[in-house]
Amino acid sequence: MSRDHAVNDWYPVADTVRPGARATRLLDTDLQVAWDGAAAAVTDAAGTAHPVQIRYGHVWTCLGAAPRALFEISEAEEPGRRLVPCGRVRVRCSPLRAVENFLDIAHFPFVHKGILGAEPQTEVFPYAVKIREEVDEVWATQVRFHQPQAAKSAGGATEIRYEYRVPHPMAAVLYKTCPPRPEAWDVIAIFVQPVSETECIAWPWMALYDDESSHAEMVQFQQEIFVQDRSILENQLPVRLPLDPRMEIPTRADLTSIAYRRWLKRRGATYGAMTEAQ
Amino acid sequence: MTFTLYNDVLDAECYKVRLLAALLGLSPRIAAVEAHPGAGHRAADFLALNPAGTLPVAAAGDLVLSGAPAILVWMAAAHDVTDRWYPRDPGPMAQVQAWLETASALAATAGALRREALLEHPAPSGAAQSAEALLRRMELHLLLQGMGGRGWLVGTHPTVADIACFADVALAPDAGIALDPYPALHAWTLRLRALPDFLEMPGIAPLHALVDPLTGHR
């Protein structure tokens, strides 16, 4: 079963912005999550406590007996970066669809008009995608795109360089030209909590160099972008992500998505996916 | 005279103010409030401005206004020289007031359901039925208005009442409420989205299809 594979990964179930308790659901399992500002506890309806780690501004838990290591984002430790958890957005879509959308560049000028893209500059220039076998991650590199306002710290339109990384079936990390510091990358990640195969909670998180914007401005900038995607995600059909290449016809701009789907299939990470044409 | 809008990009009440400002050609200074996840609207500096801890707030010099209805009325009364957005004739003026109350009821039902769907803030029980009753009432009213040659909630020009009601109607699909059963209401949202200088928000997409390819105008 697809859930059997998924239970051994770590997932975010709360942020660490404010202490509190919340009832939530992960992989169809009801959970209670408590965070007191120093430590967190996750228990299910039967009272079983699940392991917890606090990383990247979030409380992570794993429901399985053999947890795979949580991926590293080394930039989270770099001094001078501002770490920005952006809250949560619930979306009625497959958790894999939420990650795939995060990896897609072609929708920028249409869905994020005036921010991450603008007509008529809609061309996705050729870029490179590969599965880095040594770390078992999907990477897209040499991505370039014209953006009217790439970040809160960007003064105006710029050509932005991107690298995308998928280190976990339900998380993706984006490295992006940092407008005030050209030698560094801004880091923007999406951590997805799979509520069920057809519902998820996205927890965006950023590690940025920005000396000018207020914390609220950075959070709101990212929230606006995420919620612009939400109604599109909720209307994608089929609801679960099709992994059978016969089901959808990709184009060259979809290279990252093709690699992501292939990687999911190879890994057996099919929770939230359709594996055969139905 | 310009003003500062204390704003949350995901909040429909704040959007009402941004939308009317755009339609009137005003450019308020935007002060971002991180309502979520940081609860910035409960922080001491914000409570000093608005003890109720609610958004939006507009500050123009010594004048501090909270709540979308008050800010909409003030913007139209102070900045619309045509007096069309907030009519001064007693009948239409009172009708606008009635629709502002409907807008508040929509915010408490359809708006609450959207916050639940998006941010998991629980909506009151019965919100879905109450929201549908309000949408049906608006549908019937707009149908009758249309038969009388009036495209808007009050009269032949949009008013602050249309702006106040539009946000939660247009965002209803975010809460899983489809607008398909309400054709007159849907047509009214399209008319509003086609107004010059219309401003979108996350969840309310621009009208690509209505751009005239020859002139570039909507």
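Guide: Gladly. Let us begin with a definition: a salt bridge is a side-chain nitrogen of Lys or Arg within 4 Å of a carboxyl oxygen of Asp or Glu. Please keep in mind that this is a predicted model.

Visitor: Which side chain does Glu120(B) meet in a salt bridge?

Guide: Glu120(B) pairs with Arg22(A), at 2.5 Å from N to O. Across the interface of chain A and chain B, the rule finds three salt bridges.

Visitor: How should I read the interface itself, and how much area do chain A and chain B bury between them?

Guide: The size of an interface is often given as the accessible area lost when the parts come together. Here chain A and chain B bury about 2,200 Å² between them, and 51% of that is on carbon and sulfur atoms. On the chain A side, the residues that lose the most area to chain B are Arg88(A), Arg90(A) and Gln220(A), which together account for 27% of what that side buries. As for residues, the contact takes 27 from chain A and 26 from chain B.

Visitor: Now the helices. At what angle do α1 and α3 of chain B pack?

Guide: Two packed helices are described by the angle between their axes and the distance between the axes. For helix α1 (residues 12-24) and helix α3 (residues 68-79) of chain B, the angle is about 10° and the axes are 9 Å apart. α1(B) and α3(B) are therefore roughly parallel to each other. From α1(B), the contact uses Glu13(B), Lys16(B), Val17(B), Leu20(B), Ala21(B) and Leu24(B), while α3(B) supplies Ala68(B), Ile71(B), Leu72(B), Met75(B) and Ala76(B). Sorted by class, the contact of α1(B) with α3(B) has nine nonpolar, no polar and two charged residues.

Visitor: How do α4(B) and α5(B) cross?

Guide: The axes of α4(B) and helix α5 (residues 127-147) of chain B come within 8 Å and cross at roughly 140°. That angle makes α4(B) oblique to α5(B), and the crossing of α4(B) and α5(B) is left-handed. Among the residues that meet are Trp99(B), Leu106(B) and Leu113(B) in α4(B), and Leu134(B), Met138(B) and His141(B) in α5(B). The contact of α4(B) with α5(B) divides into 11 nonpolar, four polar and one charged residue.

Visitor: And what is the angle between α6 and α7 of chain B?

Guide: Helix α6 (residues 160-170) and helix α7 (residues 183-193) of chain B pack at about 115°, with axes 11 Å apart. That makes α6(B) roughly perpendicular to α7(B); angles of 65 to 115 degrees count as such. α6(B) passes α7(B) in a left-handed crossing. Asp162(B), Ile163(B), Cys165(B), Phe166(B) and Val169(B) of α6(B) meet Leu185(B), Trp188(B), Thr189(B), Leu192(B) and Arg193(B) of α7(B). Seven nonpolar, one polar and two charged residues make up the contact of α6(B) with α7(B).

Visitor: Let us turn to the backbone. Is the peptide bond from His36(B) to Pro37(B) cis or trans?

Guide: Most residues other than glycine have a negative phi, and most peptide bonds are trans. The bond from His36(B) to Pro37(B) is cis, with omega near 5°, and Pro37(B) is in the loop between β2 (29-32) and α2 (44-49) of chain B. A cis peptide bond also joins Leu237(A) and Pro238(A), with omega about -5°. Pro238(A) is in the loop between α4 (215-234) and β16 (241-242) of chain A.

Visitor: Where is Asp83(B) found?

Guide: Asp83(B) is in the loop between α3 and α4 (90-119) of chain B. The phi of Asp83(B) is near 60°, a positive value in a residue other than glycine.

Technical notes:
Residues numbered from 1 in each chain as written. Chains lettered and ligands numbered in written order. Predicted model: local features only at pLDDT ≥ 70, side-chain atom pairs only at ≥ 80, totals over all residues. Heavy atoms only, no water. Axes fitted to C-alpha atoms, helices over the stretch in contact; angles between N-to-C directions. Helix = DSSP H or I, 4+ residues; strand = E, 2+ residues; numbered from the N terminus. Parallel < 35°, antiparallel > 145°, perpendicular 65-115°, else oblique. Left-handed = near helix turned anticlockwise from the far one by under 90°. Contact = heavy atoms within 4.5 Å. Nonpolar A, V, L, I, M, F, W, Y, C, P; charged D, E, K, R; others polar. Buried area = accessible area lost by both parts, 1.4 Å probe.
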